[in-house]
Amino acid sequence: MTQRETGGWWRSPLVGAAIVALALASCGDDTAATVTTTAAAPGTITTTAVTITSDGATLTEAITAVGERYGFAASVTLGGVETTHLEGSVYDGTGQYLVTSGGSTVEYIIGPAGQWARQGDAPWAVLAGPAPVVDPLTPLTHPSAVTVVASDGDDAVLEATFAAAVLGFSGNEDVVVTLTIVDGVLAEIRYTTPAGGDEAVVVTTINTDSAIAPITVPTP
């Protein structure tokens, strides 16, 4: 039986969800298993009409200013201990992600041409279903509310409210995400979420300063 048929190891140790809503499978509580995958179309950034303005730095403008070529790092910490770490880059709609959790590392390439995963130097395998990761910007384009916490010229701190499903979680509770904008560009995404009887902190930082190399899509 092939890896594609089994649908096994590439089901990330995150259990599934958008990067900004990194699943908490490694937290060791059954509650984490309720996280569900919300796989948006790879590489799409559909900005919404967010009208909250802070000295010219709006959420939609800050997302758009990131561009189509950027790097990022995301982490989940529980009780001050990092349980999941992700490094990734996006180049013209195709993303490459390296996810480490529970002592296991899985690499993904996701884009318009397809979705693949592998561990270590193993051959790339085509995903049988939606990938459990997505670029960190797409989920942020659908807030239900945005509040300006602080602003100074093109720098701002916003709090955006999202329905749980938008960020990849089950349940009806809204999630409030703190968004840091630097020079008009989205720089950090931060929020907390329940993890059993504790709270996990999820932080994603965006890097637009470094040159991003094109991503080579696996060939059969």
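Modeller: This is a predicted model. We can start with Ile215, which lies in the segment after strand S11 (198-207).

Biologist: Is Ile215 buried or exposed?

Modeller: Buried means under 20% relative accessible area. Ile215 has 14% relative accessibility, so the residue counts as buried.

Biologist: Which residues is Ile215 in contact with, leaving aside its neighbours within four places in sequence?

Modeller: Gly95 is 120 residues away from Ile215 in sequence, yet their C-alpha atoms are 7.4 Å apart. Gly95 is one of the residues in contact with Ile215.

Biologist: How many salt bridges does a search of the whole structure find?

Modeller: Arg69 and Asp92 pair through their side chains at 2.8 Å, N to O. The search of the whole structure finds three.

Biologist: Which parts does the salt bridge of Arg69 and Asp92 tie together, and how many residues apart are they in sequence?

Modeller: The side chains of Arg69 and Asp92 meet in this salt bridge. Arg69 lies in strand S1 and Asp92 in the loop between strand S2 and strand S3, so the pair ties together parts whose separation in sequence is 23 residues.

Biologist: What is the relative accessible area of Glu107?

Modeller: Glu107 lies in strand S4 (residues 104-111). The residue is buried, and its relative accessible area is 14%.

Technical notes
Residues numbered from 1 in each chain as written. Predicted model: local features only at pLDDT ≥ 70, side-chain atom pairs only at ≥ 80, totals over all residues. Heavy atoms only, no water. Helix = DSSP H or I, 4+ residues; strand = E, 2+ residues; numbered from the N terminus. Buried < 20%, exposed > 50% of the residue type's maximum accessible area, 1.4 Å probe, protein only. Contact = heavy atoms within 4.5 Å. Salt bridge = Lys/Arg side-chain N within 4 Å of Asp/Glu carboxyl O.
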